[in-house]
Amino acid sequence: MNILKALFPYKCPICGNIHQKGTSGICTSCGKSLPYVTEPCCKHCGKPLSDLGQEYCGDCSRKNSCLEQGTAVWVYNDVMKKAIADFKYGGCFEDGAVYADELLSYRGGRIAEWHPDGIIPVPLHWRKKWFRGFNQAACVAEAIGERLHLPVYSDGLIRSHYTKPQKGMDNRQRARNLKGAVCINEKYRNKLSGLCRVLLIDDIYTTGSTLEECGRVLRQCGIPKVYFACLCIGRDIE
């Protein structure tokens, strides 16, 4: 028996219950109750919509995006808020593989349609990464890259300066807060500039401000198409 698995057995990343021997991932009970994103969704960001006749969410209908298209697995409700917080702040970096499997299980077809030739996680400032011990988006990105046999540039983007928490900010304030906060890691510039279709990975999509800034920087680096996939996404508030 693997000693590490005996000491630290698989647990469900949602409820925290220990799995029976030979099982892993999200438990059956949680899998049946989680808020998976279903149609109708925004054609651009994948945010769930309340109106069947609506094509775009309120945010996407008002902006010119640097991103081609995006998708997400779950609606960001209280259950997922706690699960993602446990992932980020509880040192549960091994949950990244579970979340990667869920993302590919439910959104792998959409990702395949985009034909990405590289994967980049949304970066963390070094202070946050030092405090948490890892970048949660990079954990998911690396697991996806391994499963899809795609290169992952975990340090391809850098947070050049520390930004204020964006909770409570409107779209304009978020954009100002993030302006200039993301840049290309010069060690990877030549490799990144040779890519055609990049997949950005993040944990949560709210207004998309962070992903837009990453997309803007990557487009300036010469990458024609930037897509994104997230674990959770908010509902359209309009």
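Q: What makes β1 count as largely enclosed by the rest of the structure?
A: In this predicted model, 6 of the 6 residues of β1 are buried, so the strand is largely enclosed by the rest of the structure. Buried here means under 20% relative accessible area, whereas exposed means over 50% and partly exposed lies in between, with a 1.4 Å probe and protein chains only. Strands (E, at least two residues) and helices (H or I, at least four) are DSSP runs, numbered from the N terminus.

Q: On what basis do the residue numbers and the values rest?
A: Residues are numbered from 1 along each chain as its sequence is written, and side-chain values use heavy atoms, with hydrogens and water left out. Because this is a predicted model, local features need pLDDT of at least 70 and side-chain atom pairs count only at pLDDT 80 or more, while totals for chains, interfaces and linings use all residues.

Q: How do you know which strands stand at the edges of the sheet?
A: The open sheet has 4 strands in the order β1-β6-β5-β2, and the pairing is parallel. β1 (70-75) and β2 (118-121) each have a single partner strand, so one side of each is left without a neighbour in the sheet. Two strands pair if DSSP finds at least two bridges between them. Neighbouring strands of this sheet are turned by 20° against each other on average, direction ignored.

Q: Why is β6 described as mostly covered?
A: Of the 9 residues of β6, 8 are buried.

Q: Why is Met-80 called buried?
A: Met-80, placed in helix α3 (residues 78-89), has a relative accessible area of 0% and is therefore buried. Leaving aside neighbours within four places in sequence, Met-80 is in contact, meaning heavy atoms within 4.5 Å, with Ile-14, Leu-34, Pro-35, Trp-74, Val-75 and Cys-232. The C-alpha atoms of Met-80 and Pro-13 are separated by 10.0 Å, although these residues lie 67 residues apart along the chain.

Q: Why are α4 and α6 called oblique to each other?
A: The axes of helix α4 (residues 95-114) and helix α6 (residues 136-148) come within 9 Å and cross at roughly 55°. Angles under 35 degrees count as roughly parallel, over 145 as roughly antiparallel, 65 to 115 as roughly perpendicular and the rest as oblique, and α4 and α6 are therefore oblique. The residues of this contact divide into 11 nonpolar, 1 polar and 2 charged, where Ala, Val, Leu, Ile, Met, Phe, Trp, Tyr, Cys and Pro count as nonpolar, Asp, Glu, Lys and Arg as charged, and the others, Gly among them, as polar.

Q: How much of the protein counts as buried?
A: Of the 238 residues of the protein, 50% count as buried, and the secondary structure comes to 9 helices and 6 strands.

Note on methods
Axes are lines fitted to C-alpha atoms, for helices over the stretch in contact, and angles run from 0 to 180 degrees between N-to-C directions.
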